[in-house]
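Here is a friendly walk through a protein model for someone meeting structures for the first time. Please have a look at the sequence and the picture before reading on.

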Amino acid sequence: MQYTQVTDAQVSEMLETIGAESIEELFSPIPDKLRTKGDLNIPKGVSELELLRDTESLAGRNHATGELISFLGGGAYDHFIPTVVDAMSGQSELLTAYTPYQAEASQGVLQLFYEFQTMICELTGMDVANASLYEGASAAAEATLMAINITRRKRVVIAETAHPDTVSVLRTYLAQQDVELATVQVGEDGCIDSQSLSAKLNGETAAVIVQSPNFFGCIERIDRLIPMIHEHGALAIVSTDPIASGLLKPPGTFDADIVVGEGQALGIPLQYGGPYLGLLAAKEKYLRKMPGRVVGMTNDLDGRRGFCLALQTREQHIKRERATSNICTNQGLLAMRASIYLATMGKQGIAAVATQCFDKSHYAATSIAELDGYELAFDAPFFKEFTVRTTKSVDKLLSVCRDSGILGGVALSRFAMGLDDCFMVAVTEKRSKQEIDALVEMLGAI
Amino acid sequence: MTTTTTKREVGQTPPKQVAPPGRKPELKTKASYSTTGDHPLLFELGAPGLCGSGLPVSDVPNADRTTNLPVEMLATSLPALPEVGELDVVRHYKRLAHRCFSIDENFYPLGSCTMKYNPRINERVAFIPGLANLHPYQSDSDTQGMLELLYRLRCDLQEISGLPEVTLQPAAGAHGEMTALMIITAYHRSRGEHRTKVLAPDSAHGTNPASCAICGHKAVTVKSKPDGRVDLDDLRAKVDQDTAAFMITNPNTTGIFDEQIAEIAEIVHAKGAQLYLDGANMNAILGITRPGDFGVDCMHFNTHKTFSTPHGGGGPGAGPVGVAEHLRPFLPVPQVIENGNGSFAWCDDREKSIGKVRSFFGQVGVLVRAYAYIRSLGCDGLKDVSQKAVLNANYLAAKLKERFNLPFPGPYAHEFILIPDFAGDGVSENDVAKRLIDYGIHPPTMSWPIHHCLMIEPTETESKRTLDNFVDVMNKIADEVAENPSIVKNAPHTMPVRRLDEVAASRKPNVRWKA
Ligand SMILES: Cc1ncc(COP(=O)(O)O)c(C=O)c1O
């Protein structure tokens, strides 16, 4: 396939206008000795039909959720996506628009992102939100850099109950900076051990990053942790699941300073891990320290309401090395999906999703815990995912489930955290009682 | 910011243009955008109790909230999300879609951004259930097809860059820059060196110095010569034993391939520094020359520019990074590999790796589209892309040169800089940009890399007819400036809003709706 549309006759005409003999001549600034001789070692182009054959055959060698019943979570969840989300986000006027630097010609996406920011504020309980970051883990790292910038302190604490990728990404980012990173271990109950957190806090601490619901599914007592963090003048960064606020008070209620999160649960397909949606919301007073684009409401010359990018002086294209972040391209299309999802589900829908996640995961947890050889690994309350400890081989039982078409959970052995006898089970609103019963039966039979 | 004279009707129908015989239609305004008044926010639609989607009735017993959750954490009220029926949701987003410029409707010569056609087939491929519905923690045996796809893409990018290894993990161009600088820092540290400076030309994109800052480096600017090339004397004066890298964009942001590149590489390498290529402009050199062959140690790709993945109103992108042999040990993990027996896997085994730069594996859905694009075009089509991109840019430049100031001499690569010299009439580059909107053309990139300029990148997918129309429109605007500059100064006249008060938006920010 070629998507160019200039004929040979037109090429000649154009070259004549340019005053060149050949297209080759236009490349004369590239010294001959640097030129690629011959073709790249890439197969020749194919037609649309051949491309479909190729990609469908690749896809055919995968076994995806949908074909398999999924209880996998660990930061990416199989939630229901209303048809409207695909239909509306697939509109090519939205899909193929660029960043709305030209506000008058971009009122559609600008309004959309303004609405997105508003809904993220609602879900996090915060004053202000940006128009997206890459994904959950780098959003946590960006929030940390923001906190370092605000407090001018050089020490950061992260609880190891956060997603292991969040911990590793943060470690990668901070390795570049003259910043100390301290970690707090997982307590007996699957949550942060407040004693050991307390021991890690001091007057040099810029921020503490807490994830709730945490990686193991447990709900952290942020109502108690945040005051502890604030006592030392550090900022509390809470990473959250936006769906949880259909049931739980959002982090803003407990005086979190910055809230980040992975927004995949909001109408974004699993796509093998990305593109997802980095969320970042904060207290109003930190608005000018936030990374990423922000859309504001304003007026036009006739006093009509309109929208434009606001506070661009924080950003790289203006401030260069003094910008609050290097981010330019963000996750606009995914923010759009999340907006359309939230508009469609609405206030009632999000409560229904959260409640069903809660009820179904508790039904599953209770049933599994009644089986011989299985128990809940942690006592702490949970929302939609929980961790199971077993006397059996985790690998074996997951592979038996898989052979019957069930993705039974995520083995914690893959994270080398000393919990090799455990696996995590996520139960979204999409799972039926029949599917849960099938999983339980399977586990019982092993 | 107020104006007294202009009413919306001014310029709503630009004066009829005399079309050259038998060729072109008259210039059209974007009448379909002239919906006046604002469109209600989601929060102003609907009514309490409405919901656009329902779930099946739960088939499990309710779990007791008060025994299973700490009462302090239980929500006492729900987030104030919209309450709107499905039809109104659909109409809302339909109307918002009508208020956007997009590649599918408009010529979009946005320099440096490579706004080319995004083939429909790539969207279809990305949504094939066997690709779109994979969970990142599924086993390698359940994801062999995806792993092979990613592995092939990795190899294709290695071939295009002439560099031996590529990571697909970074999330966008800027993220790729940051990843690359981390790799470079790790490399220097492994040799016991703590280099603190990173150089970049004054024409560099803002993300270059911003990425330096994230990596704790000091950003140092190297001057460009009047012809847009790097000032080698200034480079020689600034590159030293403390320099970690020189970041170059080539072809550069003035649209010129800097033929001094081999010499630049020598100067940089002589001081033990690394040469980094910002690959945003790869669209001009696919199959023509390879960064690895012109001395680059490390580079990023922008899949959302060069490989045509859609921009989605701001993202997502992907920023794969390629490195030379000596930097391979420091690449992020995991890496997709071929096991040697025709099966594929993720490999975490890289002792000196910088670690992970994002969760899971990368922007896979974007990478799938890039794969589809590269497969469709193949080696022949990719080369054709660059040839036609360069042809289109030089053609447009040749036509515009008759009336406008092109400060840098050609031949150009895929884009060029134009300065609308209307200061005498009080008309700025911004006014010209806004007037283009009335003619249904998205304005070029403005005021970068030099003041008062427009940076024009037509891309290879535009027809000659579209290019000719653009020239006519630019000439028309020049006529308007001469005859009635206020029509230009007050543009656009055909959008749902007129110029917006961006100063107020930042001074008194309103970034969320409150009832
Ligand atoms: C020259 C150049 N470098 C870097 C970038 C940054 O890439 P991204 O927006 O994907 O982060 C851009 C694009 O915006 C660019 O034009």
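Predicted model: local features only at pLDDT ≥ 70, side-chain atom pairs only at ≥ 80, totals over all residues.

Residues are numbered from 1 along each chain as its sequence is written, chains are lettered from A and ligands numbered from 1 in the order in which they are written, and side-chain values use heavy atoms, with hydrogens and water left out.

**The pockets**

On a 1 Å grid over the protein atoms alone, a pocket is an open set of points where a 1.4 Å probe fits, with protein on both sides within 12 Å along at least five of seven lines; its lining residues have an atom within 4 Å of a point. A volume is the space filled by probe spheres set on the points, which are joined across faces, edges and corners.

The largest pocket holds about 1400 Å³ of space. Among its 49 lining residues, A:Tyr101, A:Gln312, A:His317, A:Ile318 and B:Met446 are the closest to the centre.

The second largest pocket has a volume of about 830 Å³. It is lined by 32 residues, and the closest to its centre are A:Pro164, A:Asp165, A:Arg414, A:Phe415 and B:Asp348.

In the table, Ala, Val, Leu, Ile, Met, Phe, Trp, Tyr, Cys and Pro count as nonpolar, Asp, Glu, Lys and Arg as charged, and the others, Gly among them, as polar.

| Pocket | Lining by class |
|---|---|
| Largest pocket | 19 nonpolar, 21 polar and 9 charged residues |
| Second largest pocket | 18 nonpolar, 6 polar and 8 charged residues |

**A strand in chain B**

Helices (H or I, at least four residues) and strands (E, at least two) are DSSP runs, numbered from the N terminus. In strand S4 (residues 243-249) of chain B, 7 of the 7 residues are buried, so the rest of the structure largely encloses this strand. Buried means under 20% relative accessible area, with a 1.4 Å probe and protein chains only.

Two strands pair if DSSP finds at least two bridges between them. S4(B) runs parallel to strand S2 (residues 197-201) of chain B, joined by 3 bridges, and B:Val198 stands opposite B:Ala245. S4(B) also runs parallel to strand S5 (residues 274-279) of chain B, with 5 bridges, and B:Phe246 has B:Leu275 as its bridge partner there.

**A residue in a helix**

B:Asp431 sits in helix H12 of chain B. Is B:Asp431 buried or exposed? B:Asp431 is buried, with a relative accessible area of 7%.

Terms used. Buried < 20%, exposed > 50% of the residue type's maximum accessible area, 1.4 Å probe, protein only.
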